[in-house]
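Student: Could we go through this model together, taking the helix packing and the core in turn?

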Amino acid sequence: MPVDARSAAYHEAGHAVMAWHLRRSFGRVTIAVSEAVGGTVTPGPEPSWWYDDPLPSNANVERYMRDRIMIGWAGRLAQERLGIDDEATLDEGFAYDLRTIALHAGEMTGSPDEAEAYLEWLRLRTRNALYQPIVWPCVEAVADALVERGTLSARTVRAICTGTRERLFAEHYARVRKTS
Ligand SMILES: [Zn+2]
């Protein structure tokens, strides 16, 4: 299997699984696009306030924007966890994500240094969420399916994630029963 297909699959699986984990809607996930892009996760429908300027100030909006940024971070962080450490490869997939999440961070904060701190906080928050033992195996399972099939519907991604989680819980309880 070519390294870049696997790397692209983990990147897109990271976005998709993070969206699933945060219960945000998304469309299909694919690595079957041009080499320059590497892959995409189609975002779900935008909320009604999306184009308001300034954005309304309330907890729902803040949560939504945080989730969008976390979903944005998750692609690169999945590749890092896979062991991709080549900065050029990481930056290639991340360039568009970074533009988008930096824009969101700018909208949610009052100065460039606050925006930078906010982005860094959300990077760490995403890493903690994504690398959890009940989340990371979902990324691996979705990435494997992406390498095999190229494109997955959101429904398929959700089925893979819930199936993986159920298997993990079953294994966990089998272990607990054995030791008690
Ligand atoms: Zn991405």
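Predicted model: local features only at pLDDT ≥ 70, side-chain atom pairs only at ≥ 80, totals over all residues.

Student: At what angle do H5 and H6 pack, and is H5 parallel, antiparallel, perpendicular or oblique to H6?

Tutor: The axes of H5 and H6 are 9 Å apart, and the angle at which these helices pack is about 135°. Angles over 145 degrees would count as roughly antiparallel and those from 65 to 115 as roughly perpendicular. The angle here therefore makes H5 oblique to H6.

Student: Which residues of H6 meet H5, and which residues in H6 are buried?

Tutor: From H5, the residues Pro137, Cys138, Ala141, Val142 and Ala145 meet Val157, Ile160, Cys161, Thr164, Arg165 and Leu168 in H6. Buried residues in H6 are Val157, Ile160, Cys161 and Thr164.

Student: How far apart are the end C-alpha atoms of H6, and what span should its residues give?

Tutor: Helix H6 covers residues 154-179, which is 26 residues, and at 1.5 Å a residue these should span 38 Å. The expected span agrees with the distance between its end C-alpha atoms, which is 38 Å.

Student: How do H2 and H3 pack, and how far apart are their axes?

Tutor: The angle between H2 and H3 is about 160°, which makes H2 roughly antiparallel to H3. Their contact involves, among others, Gly72, Trp73 and Gly75 of H2 together with Gly93, Phe94 and Asp97 of H3. The crossing of H2 and H3 is left-handed, and their axes are 9 Å apart.

Student: Is glycine 83 buried or exposed?

Tutor: Glycine 83 lies in the loop between helix H2 (59-82) and helix H3 (87-108). In space, C-alpha to C-alpha, glycine 83 is 9.3 Å from serine 7, although the two are 76 residues apart in sequence. Because glycine 83 has 8 C-beta neighbours inside 10 Å, it counts as exposed.

Student: Which element gives the largest share of the largest nonpolar core?

Tutor: The largest nonpolar core has 35 residues, and those with the most contacts inside it are Ala13, Ala16, Val17, Val139 and Val142. Two or more residues are given to this core by helix H1 (3-21), H2, H3, helix H4 (112-130), helix H5 (136-149) and H6. The largest share, nine residues, comes from H1.

Student: With which residues is valine 139 in contact, leaving aside its neighbours within four places in sequence?

Tutor: Valine 139 is among the residues with the most contacts inside the largest nonpolar core. Once its neighbours within four places in sequence are left aside, the residues in contact with valine 139 are Tyr10, Ala13, Gly14, Val17, Ala78 and Leu130.

How values were computed. Residues numbered from 1 in each chain as written. Helix = DSSP H or I, 4+ residues; strand = E, 2+ residues; numbered from the N terminus. Expected span 1.5 Å × (residues − 1). Buried ≥ 20, exposed ≤ 12 C-beta atoms within 10 Å, placed from the backbone. Core = buried A, V, L, I, M, F, W, Y, C linked by C-beta atoms within 7 Å. Contact = placed C-beta atoms within 7 Å. Axes fitted to C-alpha atoms, helices over the stretch in contact; angles between N-to-C directions. Parallel < 35°, antiparallel > 145°, perpendicular 65-115°, else oblique. Left-handed = near helix turned anticlockwise from the far one by under 90°.
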